[in-house]
Amino acid sequence: MNQKKIWFFLLAESIDWPYLAKIGVVAIAYLLAGKLAISIPGVNNLASSVWPSAGIAQAALLIFGKRMWVAIISGAFLLHIVVQH
C-alpha cells in the first residue's frame, strides 16, 4: 500500500470523531440561538437582554466539560460572521 494512504488511514483512526460531532452540534446550537435572540424585534445586534446562547454555552460546559470552549468560540465566531453579512 502507498505510504500516503497508510498515513491517511492512521490519521483518520486517531481523530476523536464523537468529540468533533459534539463540537459541531454545540456550535450550530449556539449559532441558531444567537440568531433567534437577534431576530427579536427591537433588539440591537450587539446587545440583547435575552441571550439563549449563554445558556447553551453554560450547559455544554457543565455536561461535556471545559473542552467545549472550542465549540462556544466557533459558534460565536460564526454568529458574528452571519450577523455582519
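What percentage of the 85 residues in the protein is made up of buried residues? Buried residues account for 21% of them. The legends below describe a predicted model.

**Figure 1. Overview of the four helices of the predicted model.** The secondary structure of the protein consists of four helices and zero strands, and its elements follow the pattern α-α-α-α along the sequence. Helix α1 covers residues 3-14, helix α2 covers residues 17-38, helix α3 covers residues 52-64 and helix α4 covers residues 69-84. The mean pLDDT of the protein is 84, and 79% of its residues reach 70 or more. Among the elements, helix α3 has the highest mean pLDDT, 94, whereas helix α1 has the lowest, 67. The protein exposes about 6,300 Å², of which carbon and sulfur atoms supply 70%. Of the contacts between residues at least 6 apart in sequence, 62% join residues at least 24 apart.

Figure 2. Ser 53 belongs to helix α3. Ser 53 counts as buried because its relative accessibility is 0%, and the cut-off for a buried residue is under 20%. A polar atom of the Ser 53 side chain lies 2.9 Å from the backbone nitrogen of Gly 34. When residues up to four places away in sequence are not counted, Ser 53 touches Tyr 30, Ala 33 and Gly 34.

**Figure 3. Trp 51 in the loop between α2 and α3.** Trp 51 is placed in the loop that joins helices α2 and α3. With a relative accessible area of 30%, Trp 51 is partly exposed. Residues up to four places away in sequence aside, Trp 51 touches Tyr 30, Gly 34, Ala 37, Ile 38 and Leu 79. Tyr 30 stands 21 residues from Trp 51 along the chain, and the C-alpha atoms of the two are separated by 10.0 Å.

Figure 4. Gly 75 lies in helix α4. Is Gly 75 buried or exposed? Gly 75 counts as buried, because its relative accessibility is 0%. Leaving aside neighbours within four places in sequence, Gly 75 is in contact with Ala 27, Tyr 30 and Leu 31. Between Gly 75 and Val 26, the C-alpha to C-alpha distance is 7.5 Å, although these residues are 49 places apart in sequence.

Figure 5. Gly 24 counts as partly exposed at 31% relative accessibility. Ala 29 is also partly exposed, with a relative accessible area of 28%. The C-alpha atoms of Gly 24 and Ile 72 are separated by 9.8 Å, and these residues are 48 apart along the chain. For Ala 29 and Ala 71, which are 42 residues apart along the chain, the C-alpha separation is 9.6 Å.

**Figure 6. The salt bridge between Arg 67 and Asp 16.** Side chains of opposite charge can pair when their charged atoms come close. The count for the protein comes to one salt bridge. Arg 67 forms a salt bridge with Asp 16, and their closest N and O atoms are 3.8 Å apart. The pair links distant parts of the chain, for Arg 67 is in the loop between α3 and α4 while Asp 16 is in the loop between α1 and α2, 51 residues apart. Arg 67 is partly exposed, with a relative accessible area of 46%. Asp 16 is likewise partly exposed, at 38% relative accessibility.

**Figure 7. A nonpolar surface patch.** Which residues make the nonpolar surface patch of about 330 Å²? Leu 61, Trp 69 and Ile 73 make this patch. Leu 61 lies in helix α3. Because its relative accessibility is 38%, Leu 61 counts as partly exposed.

Terms used. Residues are numbered from 1 along each chain as its sequence is written. This is a predicted model: local features need pLDDT of at least 70, side-chain atom pairs count only at pLDDT 80 or more; totals for chains, interfaces and linings use all residues. Side-chain values use heavy atoms; hydrogens and water are left out. Patches are made of residues with over 30% relative accessible area and no salt bridge: like charges are joined within 9 Å, nonpolar side chains (Val, Leu, Ile, Met, Phe, Trp, Tyr) within 5 Å. Accessible areas come from the Shrake-Rupley method with a 1.4 Å probe; for residues, only the protein chains shown count as cover. A salt bridge is a side-chain nitrogen of Lys or Arg within 4 Å of a carboxyl oxygen of Asp or Glu. Helices (H or I, at least four residues) and strands (E, at least two) are DSSP runs, numbered from the N terminus. Buried means under 20% relative accessible area, exposed over 50%, partly exposed in between (1.4 Å probe, protein chains only). A polar contact is a pair of N or O atoms within 3.5 Å; within protein, one must be able to donate a hydrogen and the other to accept it, and residues adjacent in sequence count only if both atoms are side-chain atoms. Contact means heavy atoms within 4.5 Å. pLDDT is the predictor's confidence in each residue, from 0 to 100.
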